[in-house]
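Please open the model in your viewer and keep the sequence panel beside it.

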Amino acid sequence: MKNLLIATLLGSALAFPVYAAQPAAADTSAEVAAPLSQGEVRKIDLAGQKITLRHGPLKSVGMPPMTMAFGVSDAALLEGISVGDKVRFQVEQQGSRYVVTELQAAE
Ligand SMILES: [Cu+2]
């Protein structure tokens, strides 16, 4: 009886990682899109590599909705983005600064 129980536990322990690995491998696009926050562009400072966004709640850094300026990790992120655009973005806290690390226009 004990052997049967152990065999069952071992069987399920071995089976789970196999099932878990399949959706994770096939679902990389959803994984990237999920953490993005919603915002609207208020101001773009190309030279200063800054963007002012009116944003919704930012769960990744624990921030309520507001309008504020962010640094941008790469000036190329600002290309093709205009004031008034609705955007999806990702923010990272770097010391006392909040930096946009991902930015894309939202429909
Ligand atoms: Cu904010």
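**The copper site and its surroundings**

Select Met63 to begin: this residue is buried, with a relative accessible area of 9% (buried means under 20%, with a 1.4 Å probe and protein chains only). Residues are numbered from 1 along each chain as its sequence is written, and side-chain values use heavy atoms, without hydrogens and water. The model is predicted, so local features need pLDDT of at least 70 and side-chain atom pairs pLDDT 80 or more, while totals for chains, interfaces and linings use all residues.

Next, select the copper ion, whose protein donors are His55 (NE2), Met63 (SD), Met66 (SD) and Met68 (SD), at 2.0 to 2.6 Å from it (donors are N, O and S atoms within 2.8 Å of the metal, or 3.2 Å for Na, K and Ca). The 4 donor atoms subtend angles of 104 to 117° around the copper ion, and the arrangement is therefore tetrahedral (four donors with all angles between 85 and 135 degrees). Along the chain, the donors follow the spacing H-x7-M-x2-M-x1-M. Met68 also counts as buried, at 15% relative accessibility.

From Met68, move to Ile51, which is in contact with it and, beyond four places in sequence, also with residues including Phe70, Val100 and Leu103 (contact means heavy atoms within 4.5 Å).

Finally, display the strands (DSSP runs of E, at least two residues): a closed barrel of 5 strands runs S1-S2-S3-S5-S4, with mixed pairing (at least two DSSP bridges between two strands).

Notes. Helices (H or I, at least four residues) and strands (E, at least two) are DSSP runs, numbered from the N terminus. Four donors count as tetrahedral if all angles lie between 85 and 135 degrees; four count as square planar and six as octahedral if opposite donors are over 155 degrees apart and all others between 65 and 115; anything else is irregular. Buried means under 20% relative accessible area, exposed over 50%, partly exposed in between (1.4 Å probe, protein chains only).
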